[in-house]
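Please look over the sequence and the model that follow, and keep both at hand while reading.

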Amino acid sequence: PAEPLLFLSRREVAELLGIDDCIVAVERAFRLHAEGRSIAPRLFGLHLDAGALHAKGAGLRLARPYAAVKVNANFPRNPDLHGLPTIQGLLVLFDGERGRPLAVMDSGEITALRTAAATAVAARHLARPESSLAVLVGCGVQGRAQLRALAAVLPLRRVHAIDLDPARARELARDLGPQLGLAIEPGEGLADLDAALRHADVCVTCTTAREPFLRRAAVRPGTFVAAVGADSEEKQEVEPELLAAATVVPDSLDQAAVIGELHWALEGGVMSRADVHAELPEIVAGRRPGRSSAGEITLFDSTGTALQDVAAAVVVYESARAAGLGTPLDLEGRAPAGG
């Protein structure tokens, strides 16, 4: 019998997708992409007055072929104005051989976890293995996911958490410090950033900023930077001079050159595409080296690709099938069986 089309809620996605499994899946997706076993990701954007819609699609040739298309609404003012999440959307997973839709699932949890998983994969290759002190800028949903993912791959002990809303940083410290066994020090805003960076091994930025706040002069040698916030042409967190001084590794060169931090460095003339060290999939597959010295600044330009989406969605779908979770949907409108 044909597999039923499943609807999976955000709660079910969260139950089925752990950060460790997501890291494994995303790393595998990057490797498969470098080996030519993927359907290359595509991106479509639609700008609205208060936000934007982004559609991303890709496929992976696993034991069976899968493809996924995700449509996300990104409305940064939603939490303050409407009490709604910044990111809302849906992901549709398809059988890549027959084109049959297999699942429709909430995309918010997937977006948060797969983005954080990519940072963890990058950290394995680009951070110093002994990295123990992290600076986290942006303490919302994505910031929390980023911290969980980093703690899964690095021996973190201390975290300096910074947010434009200091209460949000304090809340993150209160919630995640005991859970992750970390000493989390909440800051009082961006004014604390430069001082926090003086001893940092890792810095993750996941904000909706449109002006750069991470300065070249503040980042010490040997730091691993994960620039996560820039996922559209308007967003910017990092001073272009920092990219010019760093070993830059994007998740996708073509995408980062248009919507990532890299596009600001290219536009400002401080870098060319040839100055980019490698894409993360090349490093994961062993085709290019990762960090080569203790003193270099490494920078992961994370724009988020559909490879990550399909990898995470496959974990959710296969786990749902095994656990008997999800609500069957019938697109043909047939009446349910039974009396």
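Predicted model: local features only at pLDDT ≥ 70, side-chain atom pairs only at ≥ 80, totals over all residues.

The side chain of Arg215 forms a salt bridge with Asp194, and the closest N and O atoms of the two are 2.6 Å apart. This pair links distant parts of the chain, for Asp194 lies in helix α7 (residues 193–197) while Arg215 sits in the loop between β10 (202–205) and β11 (224–227), 21 residues apart. Asp194, at 28% relative accessibility, likewise counts as partly exposed.

A second salt bridge joins the side chains of Arg273 and Asp254, with 2.5 Å from N to O. Here too distant parts of the chain are linked, with Arg273 in the loop between α10 (261–267) and α11 (280–284) and Asp254 in helix α9 (residues 253–259), 19 residues apart. Arg273 has a relative accessible area of 40% and is partly exposed, whereas Asp254, with a relative accessible area of 51%, is exposed.

Another salt bridge connects Arg10 with Glu109, whose closest N and O atoms are 3.5 Å apart. Arg10, at 30% relative accessibility, counts as partly exposed. Salt bridges also form a network, which links Glu3, Arg64, Asp95, Glu97 and Arg98, and the count for the model comes to 22 salt bridges.

Turning to the helices, α5 (residues 141–153) has 13 residues, so at 1.5 Å a residue the helix should span 18 Å, and this agrees with the 19 Å between its end C-alpha atoms. Several residues of α5 are buried, among them Gln142, Ala145, Leu147 and Leu150.

Helix α6 (residues 166–180) can be checked in a similar way: its 15 residues should span 21 Å at 1.5 Å a residue, and its end C-alpha atoms are 20 Å apart, which agrees. After α6 comes Gly181, which has a positive phi, near 70°.

Terms used. Residues numbered from 1 in each chain as written. Heavy atoms only, no water. Salt bridge = Lys/Arg side-chain N within 4 Å of Asp/Glu carboxyl O. Buried < 20%, exposed > 50% of the residue type's maximum accessible area, 1.4 Å probe, protein only. Helix = DSSP H or I, 4+ residues; strand = E, 2+ residues; numbered from the N terminus. Expected span 1.5 Å × (residues − 1).
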